[in-house]
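Hi,

Here is the structure I said I would pass on. Have a look at it first, and then read my notes below.

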Amino acid sequence: MLSHELELRVEVQNLRREFDSKEKKVVALNGVSLKVREGEIFGVLGPNGAGKTTLIRILSTLLLPTSGVARVMGFDVASEPEKVRAVINMASGSERAGYDYISARGNLWFFSQLYGLPSEVAKARIKRLSQLLGLDDYLDRKFYMLSTGYRQRVTIARAFINDPKIVFLDEPTIGLDVMTAMSIREFLIKEAKENGRTIFLATHNMAEVDAICNRVAIIDRGRILTSDTPTNLKRSLGAPALVMEVSPLPVNLAFLNAVEGVKGFTTSVDEERGLARVQVVVESEECVTRALAGVAASGMRLVSSWRQQTTLEEVFVSLVGRGFVEREHEVGE
Ligand SMILES: Nc1ncnc2c1ncn2[C@@H]1O[C@H](COP(=O)(O)OP(=O)(O)OP(=O)(O)O)[C@@H](O)[C@H]1O
Ligand SMILES: [Mg+2]
C-alpha cells in the first residue's frame, strides 16, 4: 500500500513549548512539524535535553503546547484530550510503573479495569501480551520481586492493554540488558506489522532506531534537523566514515575544522593506550587523504586508521558538527 493511503495518526504543526525556569526561559520545542501514519514505528532521536520527552508528553496530553497544533487520530491534544486518551497509551523506561505488592498479573488486571475492559477481554489480552513478551512464568510474582527487565516487560504490556492505535514510548529499553531490549523490540515490530499500531518512540539510542524504526526524526535543541528512513539518512552521507587513532595526548584537532569536505568529528580518549580515537564524517575520498595528512602536519602521530560504515551517529555529526556525548556536555554547561 502507498504511504498516503495509510491512515494519518499523528500530525504536528509548528509545535512550540517553553518553560519558565527561575532566571531564563527554556525553549524545549522550537517549531516541530511531523506526520506519522498507521503501522509505522517512528523514532525521535536526539541527545539529552533535545525535547523528546516534552514532545511525547504533549502528544499524550500530559502537557499543553505553548503554541502550534498537535493532532492524534485527528483530535486536537489541547482541546480534545479525552478523545486522544481513548485511543493511545504510553510508557516510559525511566518511571517505575507498577504496584509493588501485587503480582504482575494483578497490575495488568488493574490497568485493564481502569479502561473498563470486560473481564473475558482483559484476561485474553493479558494472556496474549504475556506470551508475546515472555512473561508467562512471571505473572504471579509480586511486581517488586521482578528484575528490572521483567518489570519493564510488564510496563510495556500495560501500554498495550487497551488495544491502542498509537503507543508513545519514552526510552522504553533504557538500562535493560541486550536480550530484554531485543525481545521488547521484536514485540514492537510485531505490533506495528500485524496490528497496524503506530509506535512513537523517543530515544537517544541510535542502534535502537536503526533496528526497528521505519522513519526517524533527528532532534536537537527543540528542532527537527532531518527526517527520513534510517537507511536513506545513512546513504545521504556518501562516503564511509574515517576513524583515526592519534597520539600523544592531549591531542589538538582544531585543524580538522579547516579541512575541506570534513562535515564534523567526534573524539574519545583512550587514556590507557595514550591516544585519541577520532571519528570523522567525510564528504569524499580526497577529503580522507587531506585529513590524514593534516595529522602529521600538526605534529601528531597517526597510530592507525580505518574506514567504517556510517551509522546514525555520523548523520548527527554531519548535521551539528559534534557527536551526541559532546552535544550533551555543551547543552549541560
Ligand atoms: N518542567 C520543566 N521545567 C523547566 N524546564 C524543563 C521542564 N521539562 C523539560 N525542561 C527543559 O526542556 C528541555 C527539553 O527537555 P526534555 O526532557 O524534553 O529533553 P529530552 O530530549 O527528553 O532529554 P533526555 O534525553 O535527557 O530525556 C531541556 O532543556 C529541559 O531542561
Ligand atoms: Mg527524555
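This is a predicted model: local features need pLDDT of at least 70, side-chain atom pairs count only at pLDDT 80 or more; totals for chains, interfaces and linings use all residues.

Residues are numbered from 1 along each chain as its sequence is written, chains are lettered from A and ligands numbered from 1 in the order in which they are written, and side-chain values use heavy atoms, with hydrogens and water left out.

Let's start with an open sheet of four strands, in the order β12-β13-β11-β14, paired antiparallel. β12 (262-270) and β14 (301-308) each have a single partner strand, so one side of each has no neighbour in the sheet. On average, neighbouring strands here are turned by 20° against each other, direction ignored. Strands and helices are DSSP runs numbered from the N terminus (E, at least two residues, for strands; H or I, at least four, for helices), and two strands pair if DSSP finds at least two bridges between them. Eight bridges join β12 to β13 (residues 275-282), and Thr266 sits opposite Gln279 in β13.

Helix α9 (residues 285-297) packs on this sheet, touching β11 (241-247), β12, β13 and β14, and its direction makes about 5° with that of β11. Contact means heavy atoms within 4.5 Å; axes are lines fitted to C-alpha atoms, for helices over the stretch in contact, with angles from 0 to 180 degrees between N-to-C directions.

Now go to the start of the chain numbering. Strand β1 (residues 8-20) runs antiparallel to β2 (residues 25-37), joined by 10 bridges, and a hairpin of four residues links them. Glu18 stands opposite Val27 in β2. β1 also has five bridges to the antiparallel strand β4 (residues 67-72), where Val12 has Ala70 as its bridge partner.

Is Val209 buried or exposed? Val209 is buried, with a relative accessible area of 0% (buried means under 20%, exposed over 50%, partly exposed in between, with a 1.4 Å probe and protein chains only). Val209 belongs to helix α7 (residues 206-212). Leaving out residues up to four places away in sequence, Val209 touches Leu45, Thr203, Val216, Pro230 and Leu312.

Happy browsing!
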